[in-house]
Amino acid sequence: MANNEASPFESSDMLATFVASTPLLAESWRLCDQANRSPAAHRSFVAERIGSVAYVAFSGVQMVGGWYDTWRNTVALDRMDGVAVFSCIREGEEPVMVHAGIFNLFNSLLHSFKTQMLEILEKKDTKSVVITGHSIGGATASLCTLWLLSYLRSISSSVSVLCITYGSPLLGNNSFSTAIFRERWSGNFCHVVSKHDIMPRLLFAPITPLTSQLNFLLHFWQLSMTSPDFGKLAVQITDREKAELFTAVMDYLEAATQGDGEGESQGEASAAILFRPFGNYFFVSEYGAVCVDSPATITKMMHLMLATGSPDCSIEDHLKYGDYVDKVSWQFLTQGNSSILRSIPESSYEAGLELAIQSSGLANQESLIIPAMECLKATRRMGPSPVLNAAALAVSLSKVVPFRAQIEWYKALCDEQDEQAGYYDSFKSRSSRKSMKVNINRFKLARFWDDVIEMMEKNELPHDFDKRAKWVNASHFYKLLVEPLDIAEYYRKGLHRTQGHYMENGNRERRYEMFDRWWKDRTRRDGATEENSERSTFASLTQDSCFWAKVEEARDWLDSVRSESDTNKLALLWDKIDKFEVYANQLIEQKEVSKDVLAKNSSYSIWVGDLRELKQLREKLKVFPHQLTSILDGEVVP
């Protein structure tokens, strides 16, 4: 396929049909409705198991601190319950922010949710978890899903996770949406949004002047979710207030679809937009459904579909998701949309486009058909498919293999040198022109693997790319071979004096952390036991690619022992030293280190000698560690 060739298929209608063909929508909505109608004491969430799938549904009837009065407040999201959420945040980028009120609600529910999830995960037959929620419950479900994805990644679990929300408000800023995309988690979120529901569109607009009216509206929705009769008891907002709310949201939605727009007022409106969509959006109408994943397309479709509604129906639609789910499921059972196309398209792509327009409910709005088609066309994939990209990348890999081979040759040469310094220390000292050539190759390989990661984060590679043995093994070998050189360069330049040790403060390159995860997932999936199997000879490459960084830290601890006089600090230093000594000895006993580690003049061998002397001195004098300072300073003569 040529690089500029487009995909021959329009997938938004097909994806929606596929989702409708599963029991996911019906089951998740049933539980959402059950959670909404639960007694107040049990209203946080409900859980149910269907076969190997566990469902957790959050109620939309929640009191959200920070929503009613300061709904524009956001809070930074980097960790949840001590677990790092995103591994792909880049320096200098806008921080990831989420709605403060929803985040507070999430934190109030996290303990009970975490307890429930751990019980579910303990059952070995659990294959999938579906987390769902209506309205505010949908936003809470999204945050709980993020926590679960982060937790499962940390323990390398194979349990699949899907979040399905109904009429959920927007949750985070553009950096939040981008981070989820880069983590390849967009496919874990399916946001069901009805044609006219104003709630998912509400946070596009800074409607501060209408705060009190909005509070009445939220109260009406929540009472109605509990029981339609209760909704009649709520204070109703006037038709004029409904129109003001509807117009405000429409105006800011239009500004969001046009970026900075034209003119000062349009630019100001766009700048005021704090929240952006993320994941996949499943737009439903009385005629069917379409599924899209591009934030720009999602925003445009939100605008076009709401434009066909009215202030009244924009409020009523938030309570009609049960009807929409029934219609979508019924249309699938009756062989989908039976409407006749306006004309016979010339290609399968155009036919799919026609069906998508019908399913969105815009086919009867002549003025919106062309904008809607242009909107959907913008999502059409251009260029080679992910499969072809992966094939081309394999060719690129073969072209950088010689650079890797030259580094392997350099390592073998260092291991046999008379200086007996070994691979790491030879490169660190840069004692030959060969080291300079190796350094150039190090940069070339880093550029290649960074490009691979960038393609992954742009979803330009197959979804299972990081699970394919060819790439997992190649990245692992690269990490074991080259990361010691990166560590040597870091300490050769003395960066540890200004930026901390290599393993601290994010100094380690992100690609290595990702490759660690790939390899860990591979051993869990395949049940690989290579690390635990007995070796008859030392490994060709030390199996801990950060071993030399740990040696450098251990050298620093040893230096600190010589100068430290504080008893408590000395105890902590010796504890760290003892633990590293045990760890290193285990690696050596299991022959998981390369022979360069044991070279006579390697940094590790020198450290072992220094440690032995210090221990002998301590033992000989029979003194406590804190007295070594005065001995080494010459105040006490052995």
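Here are a few questions and answers about this predicted model.

Colleague: How many residues does the chain have, and what percentage count as buried?
Modeller: First, the ground rules: local features need pLDDT of at least 70, side-chain atom pairs count only at pLDDT 80 or more, and totals for chains, interfaces and linings use all residues. Residues are numbered from 1 along each chain as its sequence is written, and side-chain values use heavy atoms, with hydrogens and water left out. Buried means under 20% relative accessible area (1.4 Å probe, protein chains only). Of 638 residues, the buried share is 50%.

Colleague: At what angle do H3 and H4 pack, and is that oblique or roughly parallel?
Modeller: H3 covers residues 100–122 and H4 residues 136–154, with axes 9 Å apart. The angle between them is about 55°. Angles under 35 degrees count as roughly parallel, over 145 as roughly antiparallel, 65 to 115 as roughly perpendicular and the rest as oblique, so H3 is to H4 oblique.

Colleague: Which residues of H18 meet H21?
Modeller: The axes of H18 (residues 469–492) and H21 (residues 547–563) come within 8 Å and cross at roughly 30°, so the two helices are roughly parallel. A contact here means heavy atoms within 4.5 Å. On the H21 side are Trp548, Ala549, Glu552 and Glu553; on the H18 side, Pro484, Ile487 and Tyr491.

Methods. Axes fitted to C-alpha atoms, helices over the stretch in contact; angles between N-to-C directions. Helix = DSSP H or I, 4+ residues; strand = E, 2+ residues; numbered from the N terminus.
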